[in-house]
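The following note sets out several points on the structure under review.

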Amino acid sequence: MIDKKDEDGLLVEGLRAGEESAFRLLVEKYQTRAFSVAFGYIKDVEGAKDVVQESFIRIYEKIKSFKGDSKFYTWYYRILVNLCMDAMRKGKRTAAFSIFMVGESRNKEYNLNIRESEKEEPEKKYAAKVLSKKIENGLDQLSVREKQVFELKHYQGFRIREVADIMEIKEGTVRTLLHRAVHKLKKFLKDGGL
Amino acid sequence: MKNCRKIKNKLVDFYYKELAEEDTADVAAHIKNCPVCAIELKVISSVLEKISIIKRPKLPGSLYPLIKAGLEKRISSLAFKIWRAPFAVSFGLLIILSVFSNNQNISPVRKIEVCDELLVSIALRECCKNNVKTESLNLNILSDDVFLDENIRGL
């Protein structure tokens, strides 16, 4: 059985050799998580799709420069995160850093993913919206780097070491940023009576 | 407790199961005996669970066709750029050449640059013979003053 590392290695070699099937398999393997990461930054379904599309095109173009010093997926997510940051800076797709933006027509698919319980009863739906709004405000209290670390760790489930590789910072820095983020959120939610 | 500060710094990592085996055992043992740290862990867990109330959207279908189309577009656009480059250079050269040749043709003054004294004297005599005014000639004659004086005077 091929493990994850070897599988990526084989796909990368295939892509270097110009095999379309290798490229397709890499896209299919990483696109879901990539989209989720991109959405965390862009807050817009179409915008996130655009960024993911661009990230894979970059992979195709730059695969020969990937020397294999790091793991393929950290290299890939680094490219993705940088593209997300560029998109955010350009402000083409998002007006504000708002993780829990709901109710916009462009994000219909996103709304469908809100927990089932929210759809069941209007009271619960309302309560979830209020809570979402409060959490959103809480996340706005975080610095950009705290948000990045929190997004990759909490929502994407990367290991601390992986977050450090993607963001090109030390593990200790990731831990510090994560601790700060959690404690700021704790304070914010506590002050808000949640 | 003495260790509380140290343990509290590890609670987030403990929640995410990011601690080494030994540290995990230490924190678990500490929490059993320390209600303050146990409450702190409960609060952190509660905060992080609340934050997780909304999930990220799921990708609606594969992006591969979109990516492939984008890639093909990029490649064809690059090929066009490569094809366009020599064309652009040739076109530029043509423009420069036409401007240069126009400049030569429409110049009100005929330009002659000569270094050879013999050629200059021939040119001057030809001008005399054909009644061409020497003022219409912009002569840049690189020769000694005596030669110039003699020839100009002779016209």
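1. In this predicted model, 66% of the contacts in chain B between residues at least 6 apart in sequence join residues at least 24 apart. For chain A, the corresponding share among contacts between residues at least 6 apart in sequence is 64%.

2. Chain A contains 10 helices and 0 strands, and its elements read α-α-α-α-α-α-α-α-α-α along the sequence. Chain B has 7 helices together with 2 strands; from its N terminus the order is α-α-α-α-α-β-α-β-α.

3. Burial and surface may be considered together for each chain. Of the 155 residues of chain B, 26% are buried. Chain B exposes about 11200 Å², and carbon and sulfur atoms account for 60% of that area.

4. Over all chains, the structure holds 19 salt bridges. One of them joins Glu13(A) to Arg16(A), with the closest N and O atoms 3.0 Å apart. Both residues belong to helix α1 (residues 4–16) of chain A and are separated by 3 residues, about one turn of the helix. Glu13(A) counts as partly exposed because its relative accessibility is 45%; Arg16(A), at 26%, is likewise partly exposed.

5. A further salt bridge links Glu54(A) with Arg74(B), the closest N and O atoms being 2.6 Å apart. This pair crosses between chains, running from helix α3 (residues 45–62) of chain A, which holds Glu54(A), to helix α5 (residues 64–106) of chain B, which holds Arg74(B). Glu54(A) has a relative accessibility of 19% and therefore counts as buried, the cut-off being under 20%. Arg74(B) is partly exposed, at 30%.

6. Arg175(A) and Asp13(B) also form a salt bridge, and their closest N and O atoms lie 2.1 Å apart. Here too the pair crosses between chains, with Arg175(A) in helix α10 (residues 171–191) of chain A and Asp13(B) in helix α2 (residues 11–15) of chain B. Which of the two partners counts as buried, and which as partly exposed? Asp13(B) is buried, since its relative accessibility is 4%, whereas Arg175(A), at 25%, is partly exposed.

7. Finally, salt bridges with shared partners connect Glu54(A), Arg58(A), Glu61(A) and Arg74(B) into one network. The interchain pair of Glu54(A) and Arg74(B) thus belongs to this network.

Methods
Residues numbered from 1 in each chain as written. Chains lettered and ligands numbered in written order. Predicted model: local features only at pLDDT ≥ 70, side-chain atom pairs only at ≥ 80, totals over all residues. Heavy atoms only, no water. Helix = DSSP H or I, 4+ residues; strand = E, 2+ residues; numbered from the N terminus. Contact = heavy atoms within 4.5 Å. Buried < 20%, exposed > 50% of the residue type's maximum accessible area, 1.4 Å probe, protein only. Areas by Shrake-Rupley, 256 points an atom, 1.4 Å probe, with all protein chains shown as cover. Salt bridge = Lys/Arg side-chain N within 4 Å of Asp/Glu carboxyl O.
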